[in-house]
Each structure stands twice: as structure tokens, then as C-alpha cells.
Amino acid sequence: LRQELLAIQERRAADPFGWTRAVAPFAGTSGGNAPWHAHIYYSPGDRGRAASFQERLRGLKESGEAPALLFIGELRDHKVGPHLVPQFEIHFTKELVPKIRDIVQDSGLTTLVHPLSYDDLADHTQLGQWMGAPIELDLSCMDPPGINQGFARFGKTDF
């Protein structure tokens with residue numbers, strides 16, 4: 001574990017925001033640069049509100065308030081992975097979690113915010129935090145613990 005932590009520190013020094021790492025460190029042991037996701041859900045009737053909210057988030061990035069915020073794909077009006085209803089996804093670092101939570105709560109859209117650890121199932125269940133009424137997820141497609149394919153996807157525009 002000590003060697004793994006030293007390797008993480010070296011990778012972080014070379015890539016401070018972690019966007020190019022193929023394998024991210026365990027959430028909770030990696031300081032401010034731990035990767036996080038937010039899935040922002042919307043109904044077909046709320047698509048316009050979701051698009052407006054996505055633009056508000058883009059404004060945060062462009063203004064420099066949240067420069068490490070990444071947008072993964074566009075609004076997805078179909079099932080993607082475990083997400084059975086329309087949603088869009090953003091990636092950010094742990095240091096942005098409080099800001100993202102506050103902004104998401106203001107939107108009124110149901111959102112799942114979770115770390116990216118080595119346990120995809122735990123990320124979306126035990127470690128995930130819902131804002132709004134939780135939405136059913138298809139957990140059957142989750143990676144088994146220790147084989148989280150989310151690491152390879154983290155920070156990429158689509159997967």
C-alpha cells in the first residue's frame with residue numbers, strides 16, 4: 001500500500017488535475033485531486049431546464065471558477081450504462097465537490113454525485129450522494145470491485 005501511495009504522489013506531481021491518468025487513486029486517500037462524477041438526470045419535459053443548467057456549468061468552467069470541470073458527452077436522452085433515464089455527466093476533482101453540490105441543489109434536478117474508487121457498485125450506491133429523489137439504477141452492469149472501468153473513462157469526452 002505504501003508503494004502504491006508513493007506512485008500516486010508521483011503521478012499527481014506529473015499530472016496535478018489527474019485528467020490524463022488511466023488509473024485513478026482510491027477516493028478518500030488522494031486528497032483534493034480525487035476524481036468525482038455527477039450524473040444530472042432529467043425527464044423529457046425537463047430537457048430544456050437540463051440544457052440551461054449544463055450551460056450554467058459551462059459558464060463556471062469558462063469563468064475560471066471551476067476550471068477542472070469536464071463535460072462527458074452531451075445530454076443523453078437514452079439509457080447509458082446503469083442510468084435508465086436521460087442524464088448528462090460531469091467530472092471534477094474532490095476540491096470542487098462542495099461547489100458542485102451547492103449549484104446542483106439550486107438547479108432542482110435530481111443528481112447522483114459520487115467518487116470514482118475501485119468499486120463501481122459502491123460508488124453508485126454506498127458512496128453516492130443523491131440530491132433529489134433517488135432514481136433506480138441498473139446495477140447489473142456495474143464492474144466488480146477492483147475492476148472499475150470508470151478509471152479508463154475518467155476525463156474522456158465519451159465512452
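Read along its sequence, the protein chain follows the pattern α-β-α-β-β-α-β-α-β-α, and its secondary structure comes to 5 helices and 5 strands, where helices (H or I, at least four residues) and strands (E, at least two) are DSSP runs numbered from the N terminus. The model is a predicted one, in which local features need pLDDT of at least 70 and side-chain atom pairs count only at pLDDT 80 or more, while totals for chains, interfaces and linings use all residues. Residues are numbered from 1 along each chain as its sequence is written, and side-chain values use heavy atoms, with hydrogens and water left out.

Of the 159 residues in the protein chain, 46% are buried, a term that means under 20% relative accessible area, as against exposed at over 50% and partly exposed in between (1.4 Å probe, protein chains only). Among the contacts in the protein chain with a separation of 6 or more, 67% are between residues 24 or more positions apart, contact meaning heavy atoms within 4.5 Å.

Two helices illustrate how elements of the chain meet. The axes of helix α2 (residues 47-63) and helix α3 (residues 97-107) come within 11 Å and cross at roughly 155 degrees; such axes are lines fitted to C-alpha atoms, for helices over the stretch in contact, and the angles run from 0 to 180 degrees between N-to-C directions. Helices α2 and α3 are therefore roughly antiparallel to each other, since angles over 145 degrees count as roughly antiparallel, under 35 as roughly parallel, 65 to 115 as roughly perpendicular and the rest as oblique. In this contact, R49, F53, R56, L57 and L60 of α2 meet I103, V104, D106 and S107 of α3, and the residues involved divide into 5 nonpolar, 1 polar and 3 charged.

F53, which is found in helix α2, counts as buried at 4% relative accessibility. Leaving aside neighbours within four places in sequence, F53 is in contact with I40, F88, I103, V104, S107 and L109.

Y41 lies in strand β1 (residues 35-41) and is buried, with a relative accessible area of 2%.

H83 lies in the loop between β2 (70-76) and β3 (87-93), and at 3% relative accessibility H83 counts as buried. Not counting residues up to four places away in sequence, H83 touches H39, Y41, H78, H124 and L137. Its side chain makes a polar contact of 3.3 Å with the side chain of H39, and a polar contact of 2.7 Å joins the side chains of Y41 and H83; a polar contact is a pair of N or O atoms within 3.5 Å, of which, within protein, one must be able to donate a hydrogen and the other to accept it, and residues adjacent in sequence count only if both atoms are side-chain atoms.

A68 has its place in the loop between α2 and β2 and is buried, with a relative accessible area of 5%.

| Residue pair | Separation in sequence | C-alpha to C-alpha distance |
|---|---|---|
| F53 and S107 | 54 residues | 6.8 Å |
| Y41 and R76 | 35 residues | 9.3 Å |
| A68 and F92 | 24 residues | 6.0 Å |

Notes: Nonpolar A, V, L, I, M, F, W, Y, C, P; charged D, E, K, R; others polar.
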